[in-house]
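Here's a quick briefing to read with the structure open next to you. Have a look at the fold, then work through the points below.

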Amino acid sequence: MTLKQKGCTPCEKGGTPLSETTEDELLLEIPAWNLDRSGIHRLVKRLSFSSFMEAVGFVKSVAILAEDENHHPSLCIDYRKVTIKLTTHTYNGLSENDFIMAAKIDAMH
């Protein structure tokens, strides 16, 4: 089953983040994302849109997906650019949910 076919599962507080080896393996399924390992590990993607309203519309779609999956990214709109950051706060690092969300966001864009 691919990442975008999976659903996010609840993360228990104090869970263990993924190993760097597992992060690297899962990153192969979402090559458009960057893995930021400075501090708490996170996935980062920057997108450009043709207008501010198109960027806002995309962020709204991501917000709806996040509510459906109960896994919420950090979203920043800077005029026509959107930055998405994913991490699992309860793990202080990355979980499979972050990679699932990234794959589902890629499928939307």
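How much space lies in the largest pocket? About 200 Å³. Keep in mind that this is a predicted model. Besides the pocket, the notes below cover salt bridges, a surface patch and a couple of backbone angles.

**The pocket**

- Rolling a probe the size of a water molecule over the atoms shows where empty space is left.
- The largest pocket has 13 lining residues. Cys 11, Asn 70, His 71, Thr 88 and Asn 97 are the ones nearest its centre.
- Sorted by class, that lining comes out as 9 polar, 3 nonpolar and 1 charged residues.

**Salt bridges**

- Side chains of opposite charge can pair when their charged atoms come close. You'll find 7 salt bridges in this structure.
- One of them pairs Glu 23 with Arg 37, with 3.0 Å between the closest N and O atoms. This pair links distant parts of the chain, 14 residues apart: Glu 23 belongs to helix H1 (residues 20-27), while Arg 37 is in the loop between strand E1 (34-36) and strand E2 (42-48).
- Arg 37, at 30%, is partly exposed.
- Asp 106 and Lys 45 make another salt bridge, at 2.4 Å from N to O. Asp 106 is in helix H3 (residues 96-108) and Lys 45 is in strand E2, so this bridge ties together parts 61 residues apart in sequence.
- Of that pair, Lys 45 is buried, with a relative accessible area of 9%, and Asp 106 is partly exposed at 22%.
- Glu 69 and Lys 104 also meet through their side chains, with 3.1 Å from N to O.

**The surface patch**

- Phe 52, Met 53, Ile 77 and Tyr 79 make up a nonpolar patch on the surface. Together these four have about 430 Å² of accessible area.
- Tyr 79 is part of the loop between strand E3 (74-78) and strand E4 (81-86).
- Why is Tyr 79 called exposed? Its relative accessible area is 54%, and exposed means over 50%.

**Backbone angles to check**

- Most residues other than glycine have a negative phi, and most peptide bonds are trans.
- Look for Asn 92 in the loop between E4 and H3.
- Asn 92 counts as exposed because its relative accessibility is 54%, and the cut-off for exposed is over 50%.

Terms used: Residues are numbered from 1 along each chain as its sequence is written. This is a predicted model: local features need pLDDT of at least 70, side-chain atom pairs count only at pLDDT 80 or more; totals for chains, interfaces and linings use all residues. Side-chain values use heavy atoms; hydrogens and water are left out. Patches are made of residues with over 30% relative accessible area and no salt bridge: like charges are joined within 9 Å, nonpolar side chains (Val, Leu, Ile, Met, Phe, Trp, Tyr) within 5 Å. Accessible areas come from the Shrake-Rupley method with a 1.4 Å probe; for residues, only the protein chains shown count as cover. Helices (H or I, at least four residues) and strands (E, at least two) are DSSP runs, numbered from the N terminus. Buried means under 20% relative accessible area, exposed over 50%, partly exposed in between (1.4 Å probe, protein chains only). On a 1 Å grid over the protein atoms alone, a cavity is a set of points where a 1.4 Å probe fits but cannot get out, and a pocket is an open set with protein on both sides within 12 Å along at least five of seven lines; lining residues have an atom within 4 Å of a point. Grid points are joined across faces, edges and corners, and a volume is the space filled by probe spheres set on the points. Ala, Val, Leu, Ile, Met, Phe, Trp, Tyr, Cys and Pro count as nonpolar, Asp, Glu, Lys and Arg as charged, and the others, Gly among them, as polar.
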